[in-house]
Amino acid sequence: NIQDMVASGNTFYAGEYSNDLGNNTGWTFSGVEANDQYPAGMCEDVHGGGTVAGIDLTALENAIDGGNSYLHTWYSDIALTTPVSVPTNVTVSDGQIFYDEVDNGTCTNVAEVIYTIYSLPITSFVVTDVTCNGDNNGTVDLTVTNGTVPYTYLWSNSSTTEDITGLTADTYVVTVTDANSCTAIDSATVTEPAPLIIIIDSIYD
């Protein structure tokens, strides 16, 4: 009596308690290819949102079924009870898993698709304004949180340091890019006092 089957690659052996009994010609593989997918990480759409909208799950179906054009049904739960209503336009969050049931008309298999969403850098400033009108002693002290270190910086005055000094009154725009290529663009304004005006009321000899 055949109790079980033993697989070696794509070769299947009829056996009893995992022992090959011989006479195994004629076996063919009839399973369904369903390869798990791990799309490249993406940056969240907005600070703190933790999601990316407009993702097309069906774009992964060719990789999942090896180009066999099988029937695909997408679910948001491992029990396959909650279909994804519009798989061509979904919003995904970090670590979210979708389940693709692949059907070749005879057998089915399920692939998992796991998304990674990166947080955006968040910027804040401490600005020291110019002391006197026309001076160039303003500073901007930049602090970056969230995102993934290390960060790179590019200011509108071509500086590439985190903080900038020796500034005249102006608005300075910075682009911060983190290790995952997620960016934050923000600006800080350095002001200066109005120029001194000397009024001479009268002249005495």
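Mentor: Happy to; what follows is a talk about a predicted model, starting with the overall picture and ending with one residue.

Trainee: What makes up the protein, in helices and strands?

Mentor: There are 16 strands and 1 helix. Of the 205 residues, 25% count as buried. The exposed surface comes to about 12,400 Å², with 50% of it supplied by carbon and sulfur atoms.

Trainee: Why is glutamine 37 called buried?

Mentor: Buried means under 20% relative accessible area. Glutamine 37 has 16%, so the residue counts as buried.

Trainee: Where is glutamine 37, and which residues does it touch?

Mentor: Glutamine 37 lies in the loop between strand E3 (19-20) and strand E4 (42-43). Leaving aside residues up to four places away in sequence, glutamine 37 touches Leu60, Ala63, Ile64, Glu112, Val113 and Ile114.

Trainee: How do you know that strand E12 pairs with E14?

Mentor: Pairing requires at least two bridges between two strands. Strand E12 (residues 138-146) and E14 are joined by 2 bridges, so by that definition they pair. They run antiparallel, and valine 140 stands opposite isoleucine 164 in E14.

Trainee: Which strands form the open sheet, and what makes some of them edge strands?

Mentor: The sheet has 3 strands in the order E11-E12-E14, with antiparallel pairing. Strand E11 (121-128) and strand E14 (164-167) are the edge strands: each pairs on one side only. From one strand to the next, the twist averages 20°.

Methods. Residues numbered from 1 in each chain as written. Predicted model: local features only at pLDDT ≥ 70, side-chain atom pairs only at ≥ 80, totals over all residues. Heavy atoms only, no water. Helix = DSSP H or I, 4+ residues; strand = E, 2+ residues; numbered from the N terminus. Axes fitted to C-alpha atoms, helices over the stretch in contact; angles between N-to-C directions. Buried < 20%, exposed > 50% of the residue type's maximum accessible area, 1.4 Å probe, protein only. Areas by Shrake-Rupley, 256 points an atom, 1.4 Å probe, with all protein chains shown as cover. Contact = heavy atoms within 4.5 Å.
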